[in-house]
Amino acid sequence: MPERQEVSISSSQKDWGVDVAAMAGSLVHEIKNPLSTINLSAQLLQEEWKDASTPKEQRALRRLEVMSSEVQRVERIIDTFLRFTERHKLALEVKSLNEMLEDIAEFMTAKAERSGVQIRLGLSSSLEDFSFDVDLVRQVFHNLVQNACQAMSPEGGELILKTDRVERDGIEYAVGAVTDTGPGIEGDKLDRVFELYYSTRDGGTGFGLAISRRIIEEHGGFIEVQSAKGKGSQFSVYLPIERNET
């Protein structure tokens with residue numbers, strides 16, 4: 001059986017997470033100011049030393065370039081973290097998840113086929129329209145589809161977008177699943193795929209899945225991932241059909 005990880009947190013955990021996120025966001029804002037000063041100073045020194053001629057001066061210039069590059073990298077990490085800690089104000093609309101996934105498939109098909117990836121749909125006709133933030137949920141599925149295509153390249157493969165309606169613990173959920181026939185995710189990595197800054201792909205930012213989980217949790221839902229080494233992975237997004245606003 002594929003290994004499985006369910007990501008779901010209680011309301012008390014969410015409250016604690018929001019408090020920590022708010023404190024962390026404030027701290028990071030305070031860190032950004034001196035970092036900006038350091039970066040600006042390094043750039044000004046590089047400008048002053050651009051005509052360095054002696055070996056000592058050239059070594060100093062290279063160290064300034066490294067300093068500036070590393071400060072900019074830290075600033076990018078901080079910007080990513082700040083975007084992660086921001087809470088989204090949901091713009092809820094009654095829409096069709098099926099139609100949204102059809103649009104994503106149509107948009108991604110040409111690019112996917114160039115990488116040898118075929119996209120198929122398996123959408124449930126019994127899934128009615130329900131209330132969700134279209135832009136944010138589209139962002140989640142676009143990220144999942146893009147990740148799946150990248151996981152299968154350059155060998156290519158098949159990507160399936162499916163929907164269903166299920167009941168969990170007395171709650172009715174709309175489920176959108178993204179399944180690929182890629183190499184799968186190893187068990188030790190599967191436990192970490194939703195961590196901020198963690199990526200199984202060279203050059204990955206480790207941001208997409210973390211923010212996707214955040215968006216779905218803000219809708220009152222959760223994400224599951226199943227994966228089998230050498231056979232592929234499936235990410236299933238659960239969105240409550242009836243929202244409890246209390």
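**Helix packing and the nonpolar core**

Helix 6 (residues 208–218) is mostly covered, with 10 of its 11 residues buried (buried means under 20% relative accessible area, exposed over 50%, and partly exposed in between, using a 1.4 Å probe and protein chains only). Helices here are DSSP runs of H or I with at least four residues, strands are E runs of at least two, and both are numbered from the N terminus. The model is a predicted one, so local features need pLDDT of at least 70 and side-chain atom pairs count only at pLDDT 80 or more, while totals for chains, interfaces and linings use all residues. Residues are numbered from 1 along each chain as its sequence is written, and side-chain values use heavy atoms, with hydrogens and water left out.

The buried set of helix 6 includes Leu-209, Ile-211, Ile-215 and Ile-216, but also Arg-214, Glu-217 and Glu-218. Just after helix 6 comes Gly-220, with a positive phi of about 85 degrees.

Next, the partner of helix 6. The axes of helix 4 and helix 6 come within 9 Å and cross at roughly 145 degrees (axes are lines fitted to C-alpha atoms, for helices over the stretch in contact, and angles run from 0 to 180 degrees between N-to-C directions). On the helix 4 side, the contact is made by Leu-136, Gln-139, Val-140, Asn-143, Leu-144 and Asn-147; helix 6 puts in Gly-208, Leu-209, Ile-211, Ser-212, Ile-215 and Ile-216 (contact means heavy atoms within 4.5 Å). These residues split into 7 nonpolar, 5 polar and no charged (Ala, Val, Leu, Ile, Met, Phe, Trp, Tyr, Cys and Pro count as nonpolar, Asp, Glu, Lys and Arg as charged, and the others, Gly among them, as polar).

The largest nonpolar core has 41 residues, and Leu-97, Phe-141 and Leu-159 touch the most other members (such a core is a set of buried Ala, Val, Leu, Ile, Met, Phe, Trp, Tyr and Cys residues joined through side-chain atoms within 4.5 Å). Helix 4 (residues 134–152) gives the most to this core, namely 10 residues. Setting aside neighbours within four places in sequence, Phe-141 is in contact with Leu-97, Met-100, Leu-101, Ile-104, Gly-176, Ala-177, Val-178 and Val-237.

Leu-90 sits in the loop between helix 2 (55–85) and strand 2 (92–95) and is partly exposed, at a relative accessible area of 22%. Its C-alpha atom is separated by 7.8 Å from that of Phe-132, 42 residues apart along the chain. Beyond neighbours within four places in sequence, Leu-90 is in contact with Asp-133, Leu-136, Glu-218, His-219 and Arg-243.
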